[in-house]
Amino acid sequence: MIVSKTINVFYRFGYYYLPQVVLVNLYRQCHNFKKKHITIENAMPDTQQKIKNHFGTISTQWDQDIIPQLENYIRIPCKSPLFDKNWQASGHIAKAMELLKKWCEKQPIKEMKIELHQIENRTPVLLIDIPGDSDQTILLYGHMDKQPEMTGWHAGLDAWTPVIKDGKLYGRGGADDGYATFAALNAIAYLQSLHIPHARCVVLIEACEESGSFDLPPYLKLLSQQIGSPDFIICLDSECGNYDQLWGTTSLRGIVGGTLEINTLENGIHSGYGSGVAPSVFHVLRQLLDRIEDPNNGKIQVEQLHVKIPQHRLEQAKNAADALGDELIKGVPFLEGVQPLCHDTAELILNRTWRPALSIVGTDGVPNIANAGNVTLPSLSVKLSMRVPPTCDVKKASSALKEILETDPPFQAKVSYHAEDFGPGWHAPELADWLAQASDQASQLFFGKNAAYLGIGGTIPFMGMLSDMFPKAQFLITGILGPKSNAHGPNEFLHIAYVKKLTGCVASVIAAHFKNNSHNQKKHCA
């Protein structure tokens with residue numbers, strides 16, 4: 001069998017006949033020196049070229065089927081439970097899940113098993129089990145819950161009204177992360193239509209990601225045997241540095257959130273009487289924030305919130321900066337004349353991926369301007385959102401914040417910090433050679449450029465859970481949240497041309513995963 005396969009290889013290169021003794025010697029040389037140009041793998045049909053050549057199939061399905069489905073999905077205000085306390089009564093999550101499930105049931109995928117699971121008082125999970133041509137398992141992940149509406153949408157746009165404009169689909173949740181279910185199944189169905197083998201695929205879609213995935217652990221325990229032990233995990237809920245190539249995520253920041261409450265008076269009083277005597281709640285707030293954040297440059301001053309940045313991530317940030325140029329800064333919707341914290345793209349990347357940063361995302365206790373009288377306010381509450389480095393211990397970070405903010409408050413004001421949510425960061429394992437090559441190959445197929453890699457500033461709690469569950473698995477964390485796509489904010493959009501190519505890349509990498517495992521099995525048998 002080995003000799004005959006060697007003949008096939010040489011036949012492909014134009015050798016019509018070779019004596020048996022020559023073939024035996026050639027085989028020995030291949031075995032001893034592992035000459036890649038005469039391996040069995042290179043004699044296999046060019047599946048990747050086939051994937052590229054039939055790309056029009058993917059594009060057509062997105063245009064004629066998936067985009068209309070996403071428009072219907074955008075119309076459903078299926079906000080995550082953190083933002084819709086009455087999510088069960090409103091029924092929006094159930095309606096959106098049913099939309100996804102019905103679409104999945106219509107896809108031409110062999111022996112696909114679709115299950116909608118719901119534990120009492122928890123958001124549902126959609127699990128799709130697709131048998132494959134090998135014993136290996138790929139887990140593909142996405143979510144379908146959404147952030148709230150947010151203000152500031154451009155004229156003619158809003159969160160729950162889908163609009164297609166300039167090749168982009170606008171509306172809440174299309175890019176983050178409603179597209180994931182469609183892209184995952186479209187990629188698998190595409191491979192099957194071309195008769196290209198793939199491993200078993202399990203697609204998991206949750207409805208609590210934007211709330212920190214607090215409903216997910218019970219499902220992972222419930223479904224652990226059914227999911228199995230994936231050796232490759234694809235997450236479709238991440239960013240892309242530009243729309244010109246495939247991007248892989250190498251790290252995710254964690255998050256520590258809580259509400260800081262400040263009370264100074266029993267009730268509000270006339271500012272002519274109180275100001276200059278009673279400390280302003282904003283005066284107290286400024287002093288407390290200065291304990292954790294340098295007011296001059298925004299750098300976080302709490303030691304427990306910092307980590308040592310790995311050397312290879314420093315180098316990766318420089319490489320990403322070279323690839324992005326000034327696109328990172330251009331991707332932020334600055335008003336004219338407003339400047340970034342610095343103009344060094346590599347430093348901005350590190351700020352956003354490996355350094356802590358504070359945002360104040362909400363306030364209570366302050367009347368709106370229309371109802372603002374001349375009053376010394378008695379109390380103030382602010383919601384703090386602290387992004388922390390990928391390897392930071394979020395529990396220790398949360399405890400450190402609480403101690404710093406509550407200890408010895410200014411003017412002995414009544415200050416309390418209530419930690420409400422925290423999610424761990426994630427740091428990718430070392431990229432396997434096969435996945436690095438497969439990612440480059442996929443990106444070259446559809447973009448004409450190699451894949452690029454970047455840490456991102458957001459949090460996907462599920463990735464940390466999966467790393468703990470499957471420590472030997474390889475990860476491709478990717479997505480379509482590129483420049484100005486503005487997930488969580490106004491004017492969120494899905495870049496239609498990019499999502500089509502990303503779907504092709506996912507199909508390409510799934511096919512490469514099967515080929516790699518087949519190659520390893522043959523090596524083991526030999």
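Colleague: What is the volume of the largest cavity here?

Modeller: The largest cavity has a volume of about 70 Å³. This is a predicted model, in which local features need pLDDT of at least 70 and side-chain atom pairs count only at pLDDT 80 or more, while totals for chains, interfaces and linings use all residues. Residues are numbered from 1 along each chain as its sequence is written, and side-chain values use heavy atoms, with hydrogens and water left out.

Colleague: What does the word cavity stand for?

Modeller: Rolling a probe the size of a water molecule over the atoms shows where empty space is left. A cavity is a set of points, on a 1 Å grid over the protein atoms alone, where a 1.4 Å probe fits but cannot get out; lining residues have an atom within 4 Å of a point. The volume is the space filled by probe spheres set on the points, which are joined across faces, edges and corners. This structure holds 1 cavity of 30 Å³ or more.

Colleague: Which residues line the largest cavity?

Modeller: The lining consists of Thr250, Ser251, Arg313, Gln316, Ala317, Ile349, Leu350, Thr353, Trp354, Tyr453, Leu454 and Gly455. Two or more of the lining residues come from each of strand S8 (247-252), helix H12 (311-324), helix H14 (345-353) and strand S16 (452-456). Helices (H or I, at least four residues) and strands (E, at least two) are DSSP runs, numbered from the N terminus. By residue type, the lining has 6 nonpolar, 5 polar and 1 charged. In that count Ala, Val, Leu, Ile, Met, Phe, Trp, Tyr, Cys and Pro are nonpolar, Asp, Glu, Lys and Arg are charged, and the others, Gly among them, are polar.

Colleague: Is S8 enclosed or open, and why?

Modeller: Buried means under 20% relative accessible area, exposed over 50%, and partly exposed in between (1.4 Å probe, protein chains only). In S8, 6 of the 6 residues are buried, so the strand is largely enclosed by the rest of the structure.

Colleague: Which strands does S8 pair with?

Modeller: Two strands pair if DSSP finds at least two bridges between them. S8 runs parallel to S16, joined by 4 bridges, and Trp247 has Ala452 as its bridge partner in S16. With strand S15 (residues 426-427), S8 runs antiparallel over 2 bridges, where Leu252 is partnered by Trp426.

Colleague: How many bridges does strand S13 make with S9 and with S11?

Modeller: S13 pairs with strand S9 (residues 254-263) in the antiparallel sense over 10 bridges, and with strand S11 (residues 357-364), again antiparallel, over 7 bridges. Ile262 is bridged to Leu380 of S13, and Ala357 to Arg387 of S13. S13 itself (residues 379-388) is mostly covered, with 7 of its 10 residues buried.

Colleague: How many residues are in the largest nonpolar core?

Modeller: A nonpolar core is a set of buried Ala, Val, Leu, Ile, Met, Phe, Trp, Tyr and Cys residues joined through side-chain atoms within 4.5 Å. The largest one has 97 residues, and Trp62, Leu140, Met144, Tyr179 and Leu494 have the most contacts inside it. Helix H7 (residues 174-193) gives the largest share, 12 residues. Another core, of 28 residues, lies apart from it, with Val281, Ile300, Val302 and Ala413 among its members.

Colleague: What does Leu140 touch?

Modeller: Contact means heavy atoms within 4.5 Å. Leaving aside neighbours within four places in sequence, Leu140 is in contact with residues including Ala184, Ile188, Val202, Leu204 and Val506.

Colleague: Is Lys484 buried or exposed?

Modeller: Lys484 is exposed, because its relative accessible area is 53%. Lys484 sits in the loop between strand S17 (474-477) and strand S18 (493-495). Not counting residues up to four places away in sequence, Lys484 touches Lys330, Gly331, Asn491 and Phe493.

Colleague: Which residues other than glycine have a positive phi?

Modeller: Asp166 has phi near 55 degrees, and His195 has phi of about 60 degrees. Asp166 lies in the loop between strand S4 (163-165) and strand S5 (168-170), and counts as exposed because its relative accessibility is 64%. His195 lies in the loop between H7 and strand S6 (200-206), and is exposed at 68% relative accessible area.

Colleague: Which residues does the cis peptide bond join?

Modeller: The bond joins Asp176 and Asp177, with omega about 10 degrees. Asp177 is placed in helix H7.

Note on methods: On a 1 Å grid over the protein atoms alone, a cavity is a set of points where a 1.4 Å probe fits but cannot get out, and a pocket is an open set with protein on both sides within 12 Å along at least five of seven lines; lining residues have an atom within 4 Å of a point.
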